[in-house]
Amino acid sequence: MADDLFKALADSTRRTILDELTEKSGQTLFEICARLSMKHQLGISRQGVSQHLAVLEAAGLVETRREGRYKFHDLNTAPLRQITERWLVRDPSGPEESTP
């Protein structure tokens, strides 16, 4: 799972999509494409955005739900928490000083 997650986060367009879903979760493909085009001046096709969303979904960062004809994309931050918990070391004595 971590490999898919890091692959998903490695691409700047996918990170921008995550930023947009952070701002407004539950967007359709049309809404995401419009925001990428208008707000970020990204000239990417609907198919390209759809492929990026598939990578994000495979990594568990995006969940989809269908309501009638519409497919909504929601942000899921659980995989990010798993990464931080994996390497986050809590030291009860306080922050450690680093020496050069």
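**Note on helix packing, a hairpin and an aromatic pair**

1. In this predicted model, helices H3 and H4 lie roughly perpendicular to each other, because their packing angle of about 110 degrees falls in the range of 65 to 115 that counts as roughly perpendicular. Helix H3 covers residues 29-40 and helix H4 covers residues 46-58, and their axes are 10 Å apart.

2. The contact between these two helices draws on Leu29, Phe30, Ile32, Cys33 and Leu36 from H3, which meet Arg46, Val49, Ser50 and Leu53 from H4. Sorted by class, the residues of this contact comprise seven nonpolar, one polar and one charged.

3. One of the pairings to look for is that of valine 62, whose bridge partner in S2 is leucine 75.

4. The two strands S1 and S2 make up a hairpin in which two residues stand between them. In the turn, glycine 68 has a positive phi of about 65 degrees.

5. The structure contains one aromatic pair, which is formed by tyrosine 70 and phenylalanine 72, with a distance of 6.4 Å centre to centre and 45 degrees between the planes, so that the pair is classed as tilted. The two partners may also be described by their accessibility: tyrosine 70 is partly exposed, with a relative accessible area of 45%, whereas phenylalanine 72 is buried, with a relative accessible area of 16%, a value that lies under the 20% cut-off for buried residues.

Methods. Residues are numbered from 1 along each chain as its sequence is written. This is a predicted model: local features need pLDDT of at least 70, side-chain atom pairs count only at pLDDT 80 or more; totals for chains, interfaces and linings use all residues. Side-chain values use heavy atoms; hydrogens and water are left out. Rings of Phe, Tyr and Trp (its six-membered ring) pair if their centres lie within 6.5 Å; planes under 30 degrees apart count as stacked, over 60 as edge-to-face and the rest as tilted. Buried means under 20% relative accessible area, exposed over 50%, partly exposed in between (1.4 Å probe, protein chains only). Axes are lines fitted to C-alpha atoms, for helices over the stretch in contact, and angles run from 0 to 180 degrees between N-to-C directions. Helices (H or I, at least four residues) and strands (E, at least two) are DSSP runs, numbered from the N terminus. Angles under 35 degrees count as roughly parallel, over 145 as roughly antiparallel, 65 to 115 as roughly perpendicular and the rest as oblique. Contact means heavy atoms within 4.5 Å. Ala, Val, Leu, Ile, Met, Phe, Trp, Tyr, Cys and Pro count as nonpolar, Asp, Glu, Lys and Arg as charged, and the others, Gly among them, as polar. Two strands pair if DSSP finds at least two bridges between them.
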